[in-house]
Amino acid sequence: MALRALCLLAALTLACAQHQPLMEYIERRIFSIEDRISAWHENTNRYAVELREFKQQIVALMETLEKERQGLRNELDNTNTRVERMERELDFLETQNHAPPCVEVDDKLVEQQVRKVKEKNKVKYERLTDCRDMISSIKSMKILKRLGGATGVWAKDPVAQSGEIYVFNNSSGDTLHHFKTVRDFTASSGTSRAKKIKLPFPWGGAGHTIYDGHVYYVKEGQDFQVIKYDLKNETVVDSVVFPAEEQVPVYGLSPETFIDLAVDEEGLWAIYATKENEKNICLAKMDPKTLAIEEMWDTPCPRENAEAAFVICGTVYVVYNTKLPSRSRVQCVFDVSDMVTNDDAPLVYFPRRYSSHASLKYNPRERQIYAWDDGYQILYKLVLKKKLEV
């Protein structure tokens, strides 16, 4: 037994001696792996610290950039305010400072001539109309809603005492939206509170209007037919093909409108343009009962850069802009009674808005303009003065 034990011990000792290099190799590999794990932990900690520091730097830079951005925004707002103030001051100076005379004249003679012209025009003016108002300035602007596309018309009936609102959405269609009150119009989501009136013919452009219980609109197509539609009976009362050949868009910046129907204290008007007199805008007085043309005028107001127009007391005010929309302004007027000229009329700027006007509808009872600007419905309250005060 003792001999067998000694033999077994000798065998184990020999086996351990044979595997000693393997054990040492394994031990070295384990030490190497431990070293690499330790180095990985150190690198990871260092990267975490560097990432945290980098994040803190980025946050500090973002705060600095935001402060600089806010500073630039404040400077831009201040610059815009100063530019608007300068424009108003220039407008005021232009209205106050007249061009100096080229030659010396007798003041009494000039005064007599001016008095004679005014008396002559006054007699002529009283014979044509009893309305004596002209625009002086824009008192305020109120944005009521955004409804529909870039082109459209919204208006009230200036003869009716109700507050009903009528909306032509887009430059073509056959469904007129009718709101009972302004509150219904502003509170509704889209046209949810509107009554839909199906018109017998689709309209074209943005030159339609409401007057004395009727819709006056231009039928879509090349014949330029004016339709008179009774809102109460929901029937076509009359229609007429507008008596002008080879018509072109009346406003250079509103190519979808060929005839712009307008209402003032004197009734119904049509603003249009023809190829024969392609550069300038024309004006016609229409009989609202029969749609007959009572008289037509060629105005000196150019079509180029015109966006819309409206009529007050027989004077058409043409509003101009630029192809890249900026501030709209009344830059040309034409008075059928020759009482108001471009030199007499003030240069009126509209408040800064969104784009350019697709339509401007004057309400003589409220002395407000119902404007459509890039889908926004806007009210402009006007300040008027007497024509003989110019």
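Q: Why is the pair C131 and C313 called a disulfide?
A: A disulfide here is a pair of cysteine sulfur atoms within 2.5 Å. The sulfur atoms of C131 and C313 are 1.5 Å apart, so the pair meets that cut-off. Please keep in mind that this is a predicted model, in which local features need pLDDT of at least 70, side-chain atom pairs count only at pLDDT 80 or more, and totals for chains, interfaces and linings use all residues. Residues are numbered from 1 along each chain as its sequence is written, and side-chain values use heavy atoms, with hydrogens and water left out.

Q: How do you know whether C131 and C313 are buried or exposed?
A: Buried means under 20% relative accessible area, exposed means over 50%, and partly exposed is in between (1.4 Å probe, protein chains only). C131 has 8% and C313 has 1%, so C131 and C313 both count as buried.

Q: How many disulfides does the structure hold, and what pattern do they follow?
A: There are two disulfides. With bonded cysteines counted along the chain, the pattern is 1-3, 2-4.

Q: Why does the pair C301 and C332 count as a disulfide, and what is its handedness?
A: The S to S distance is 2.1 Å, which is why the pair passes the disulfide cut-off. The torsion about the S-S bond is about -85°, so this disulfide is left-handed. C301 lies in strand β13 (residues 293-302) and C332 in strand β16 (residues 329-335), so parts that are 31 residues apart in sequence are tied together. Both C301 and C332 are buried.

Q: Why is the contact of K386 with D133 called a salt bridge?
A: A salt bridge is a side-chain nitrogen of Lys or Arg within 4 Å of a carboxyl oxygen of Asp or Glu. The closest N and O atoms of K386 and D133 are 3.2 Å apart, so the contact qualifies. K386 belongs to strand β20 (residues 376-386) and D133 to strand β1 (residues 133-146), so the pair ties together parts 253 residues apart in sequence. The structure holds nine salt bridges, and D133, R367 and K386 are linked in a network of them.

Q: Which side of that pair is buried and which is partly exposed?
A: D133, at 8% relative accessibility, counts as buried. K386, at 39%, counts as partly exposed.

Q: What makes K195 and E234 a salt bridge, and where do they lie?
A: Their closest N and O atoms are 3.5 Å apart, so the pair falls inside the salt-bridge limit. K195 is in strand β5 (residues 195-204) and E234 in the loop between β8 (225-230) and β9 (235-241), 39 residues apart. K195 counts as partly exposed at 44%, and E234 likewise counts as partly exposed at 41%.

Q: Which side chain meets R193 in a salt bridge?
A: It is D184, at 3.5 Å from N to O. R193 has 47% relative accessibility and therefore counts as partly exposed.

Q: What makes the phi of F224 and of L291 worth a look?
A: Most residues other than glycine have a negative phi. F224 has a positive phi of about 50°, and L291 has a positive phi of about 65°, although neither is a glycine. F224 is in the loop between β7 (214-218) and β8, and is buried at 9%. L291 is in the loop between β12 (280-286) and β13, and counts as buried at 2%.

Key: Helix = DSSP H or I, 4+ residues; strand = E, 2+ residues; numbered from the N terminus.
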